[in-house]
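Hi there,

Here is the structure I promised to pass on to you. Have a look at it first, and then read on for what turned up in it.

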Amino acid sequence: MTTFRQSLLGVFPVPLRSFLKSLRKKIRDQIDFLYFPLWLVFQCARHRKKAVILYRLAALGDVVCTLPMCGEIRKRHPGRLLVYVTSANYEKMVHLSRSTDGVFGASWLYGTPWNYPGHFFGLVEKVYIPQTTTDERFPNVGAQSHLVDDLATSCDLTIPSSDRQPRLFPSPELIRTVCAEYGLTDDVAAGRLLIGINCGHTWPVREWSAAKWQQLVALFHTEFDATILQFGLTHGSEDEYEHLCNVRFLANRLKSDELVALVAGCRLLVSIDSGPVHIAGAVGTPVIGLFGAVNPSLRLPPDSPAVGLFSNVPCRFCQHRTPIEHWKNGCPYDIRCMKELEVHAVFEAIKSMIAKQAIMPSPTIFVSH
């Protein structure tokens with residue numbers, strides 16, 4: 001769905017459009033930079049407390065996986081105001097965690113807000129900025145721990161095993177409202193299964209081909225009365241993932257809290273290694289993850305029904321090797337790990353997961369094919 005702003009920008013030539021977008025972002029950055037201290041002063045004065053800040057702008061899954069840190073931060077800083085600063089795109093999602101005292105949605109770049117003098121003039125006791133090992137702390141070093149633990153360790157925090165699962169709490173009213181907004185009320189009333197798929201786009205080494213996704217959708221419709229919701233991000237009309245048939249195309253359309261609500265309303269999510277996997281775990285929706293470069297045991301929800309599928313090639317899980325053979329770009333083996341993951345194996349896992357749901361939630365398991 002094209003917004004008025006997008007339609008208006010489309011009238012201008014590409015160079016002018018790019019300039020206007022850049023100018024708009026710079027203005028928003030400056031507004032945030034000036035507004036945030038005022039917002040923080042008000043929050044501290046209202047609660048009569050100093051603040052502790054947890055700061056993580058992106059990406060979606062990383063933000064979700066920092067949420068278990070909130071409990072440990074509260075233990076370290078009792079009586080302080082816990083504020084999460086994140087991307088404006090994720091502000092409503094973080095609110096659904098109920099784990100912070102306040103959330104500020106920002107548009108600035110990494111590091112910029114901490115240029116204020118003296119930890120915000122003495123209002124802030126501590127700032128936590130979690131980072132991943134492979135992409136941010138030690139490039140070319142493969143992470144050896146789960147993403148939840150990896151982010152926490154960067155801040156010298158240890159998450160107890162009982163608290164490692166991130167949690168999000170969309171209300172039944174939010175789920176009903178979002179289903180109605182995207183035309184799913186009749187599907188729910190008719191008792192059709194809502195099945196989510198998240199195809200991409202992301203880094204090439206994580207992607208599964210559009211042809212295989214289409215085969216999987218076709219198999220769904222042969223055995224189940226289902227409505228398939230396509231989540232994720234695509235790159236326009238030339239994108240192969242924009243043309244899947246017999247799906248409800250929701251890619252690029254959802255706000256973060258809407259995505260949480262729809263994933264919570266799904267019977268099952270099938271996804272490549274991406275943010276919706278972590279959202280599914282946070283709302284208790286069973287998830288089947290498709291993996292190759294990444295080890296599913298270090299990404300799947302720690303305490304929520306999940307299955308990780310991967311092909312049995314010797315180069316699998318290359319992201320966790322040191323040095324990393326490749327990651328975001330390029331692959332000396334032509335991304336065999338994802339290309340050899342077959343549709344029938346994924347569909348058999350789906351049928352098994354749905355059958356188990358009728359009895360009881362299944363534990364996290366990992367399956368090699």
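**What was found**

The protein chain holds 15 helices and eleven strands. Please keep in mind that this is a predicted model.

Let's begin with the chain as a whole. Of its 369 residues, 51% are buried. The accessible surface of the chain is about 17200 Å², and carbon and sulfur atoms account for 56% of that. Among the contacts with a separation of 6 or more, 68% are between residues 24 or more positions apart in the chain.

Next, have a look at helix α13, which covers residues 275–283. Eight of its nine residues are buried, so this helix is largely enclosed by the rest of the structure. The buried ones are Gly-275, Pro-276, Val-277, His-278, Ile-279, Ala-280, Gly-281 and Ala-282.

Now for a residue in a loop. Where is Thr-132 found? Thr-132 sits in the loop that runs between β4 (124–128) and α7 (133–137). Is Thr-132 buried or exposed? Its relative accessibility is 6%, so Thr-132 counts as buried, the cut-off being under 20%. If you set aside its neighbours within four places in sequence, Thr-132 is in contact with Arg-56, Asp-62, Arg-137, Leu-147, Asp-150 and Leu-151.

How many disulfides does the count come to? The count is zero. Take Cys-179 as an example: its closest cysteine sulfur belongs to Cys-266 and lies 8.2 Å away, which is too far for a bond, because a disulfide needs the two sulfur atoms within 2.5 Å. Cys-179 is also buried, with a relative accessibility of 7%. Cys-199 counts as buried as well, at 0% relative accessibility.

Finally, try to find the second largest pocket, which has about 240 Å³ of space. Its lining consists of 16 residues, and those nearest the centre of the pocket are Leu-67, Pro-68, Asp-163, Gln-165 and Arg-167. What kinds of residue make up this lining? Six are nonpolar, five are polar and five are charged.

Happy exploring, and write back with any questions!

Best wishes

How values were computed:
Residues numbered from 1 in each chain as written. Predicted model: local features only at pLDDT ≥ 70, side-chain atom pairs only at ≥ 80, totals over all residues. Heavy atoms only, no water. Helix = DSSP H or I, 4+ residues; strand = E, 2+ residues; numbered from the N terminus. Buried < 20%, exposed > 50% of the residue type's maximum accessible area, 1.4 Å probe, protein only. Contact = heavy atoms within 4.5 Å. Areas by Shrake-Rupley, 256 points an atom, 1.4 Å probe, with all protein chains shown as cover. 1 Å grid on protein atoms, 1.4 Å probe; cavity = no way out; pocket = protein on both sides within 12 Å on 5 of 7 lines; lining within 4 Å. Points joined across faces, edges and corners; volume = space filled by probe spheres on them. Nonpolar A, V, L, I, M, F, W, Y, C, P; charged D, E, K, R; others polar.
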